[in-house]
Amino acid sequence: MKYPKKKRTYCPSCNKHTLHEVLKYRKREARSLALGQRKFKEKLKGYGSFPRPNPKNRGKPVKKVALILRCTECGKKHHIRGFRVKRLEMV
Ligand SMILES: [Zn+2]
């Protein structure tokens, strides 16, 4: 699927339609003190059931993309609802 690099859409902080830059969301390194990571560590130690990987061949064939829009006027970012595509191309 082709997606525009720049898009004119509604900005909640400017309260009007402005030009937005489209960015791809990148996964960051997990914070070791975040609640989910702390819970995961406890599980690895043996508390609760042991975490098992998801069964094979049950994943979805297409992945969801997470896009971020950055307003060129106020510089604020906001996320848009992710959608499923095989390949995303920025045009
Ligand atoms: Zn704005």
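1. Asn15 sits in the loop that joins strand 2 to strand 3, strands here being DSSP runs of E with at least two residues and helices runs of H or I with at least four, both numbered from the N terminus. Although Asn15 is not a glycine, its phi is positive, at about 60 degrees. Most residues other than glycine have a negative phi. Asn15 counts as exposed because its relative accessibility is 56%, where exposed means over 50% relative accessible area, buried under 20% and partly exposed in between, with a 1.4 Å probe and protein chains only.

2. The model is predicted, so that local features need pLDDT of at least 70 and side-chain atom pairs count only at pLDDT 80 or more, while totals for chains, interfaces and linings use all residues. Residues are numbered from 1 along each chain as its sequence is written, and side-chain values rest on heavy atoms, with hydrogens and water left out.

3. The loop between strand 2 and strand 3 also holds Ser13, which is partly exposed at 44% relative accessibility. Between the C-alpha atoms of Ser13 and Gly36 there are 31 Å in space, against a separation of 23 residues in sequence.

4. The zinc ion has as its protein donors the SG atoms of Cys11, Cys14, Cys71 and Cys74, at 2.2 to 2.4 Å; a donor is an N, O or S atom within 2.8 Å of the metal, or 3.2 Å for Na, K and Ca, and since water is not among the atoms, sites may look incomplete. The angles among the four donor atoms run from 102 to 117 degrees, and the site is tetrahedral, a label given to four donors if all angles lie between 85 and 135 degrees. For four tetrahedral donors the ideal angle at a metal is 109.5 degrees.

5. Along the sequence, the zinc donor residues follow the spacing C-x2-C-x56-C-x2-C. Cys11 belongs to strand 2 (residues 6-11) and Cys74 to the loop between strand 5 (67-71) and strand 6 (77-79), so this pair ties together parts that are 63 residues apart in sequence. Cys11 is buried, with a relative accessible area of 0%, and Cys71 is buried as well, at 2%, whereas Cys74 is partly exposed, at 36%. The structure holds zero disulfides, a disulfide being a pair of cysteine sulfur atoms within 2.5 Å.

6. Ala66, in the loop between strand 4 (63-65) and strand 5, is partly exposed at 35% relative accessibility. Its C-alpha lies 7.6 Å from that of His79, the two residues being 13 apart in sequence.

7. Val91 is placed in the segment after strand 8 (89-90) and, at 57% relative accessibility, is exposed. Val91 and Tyr3 are separated by 88 residues in sequence, yet their C-alpha atoms are 5.8 Å apart.

Technical notes:
Four donors count as tetrahedral if all angles lie between 85 and 135 degrees; four count as square planar and six as octahedral if opposite donors are over 155 degrees apart and all others between 65 and 115; anything else is irregular.
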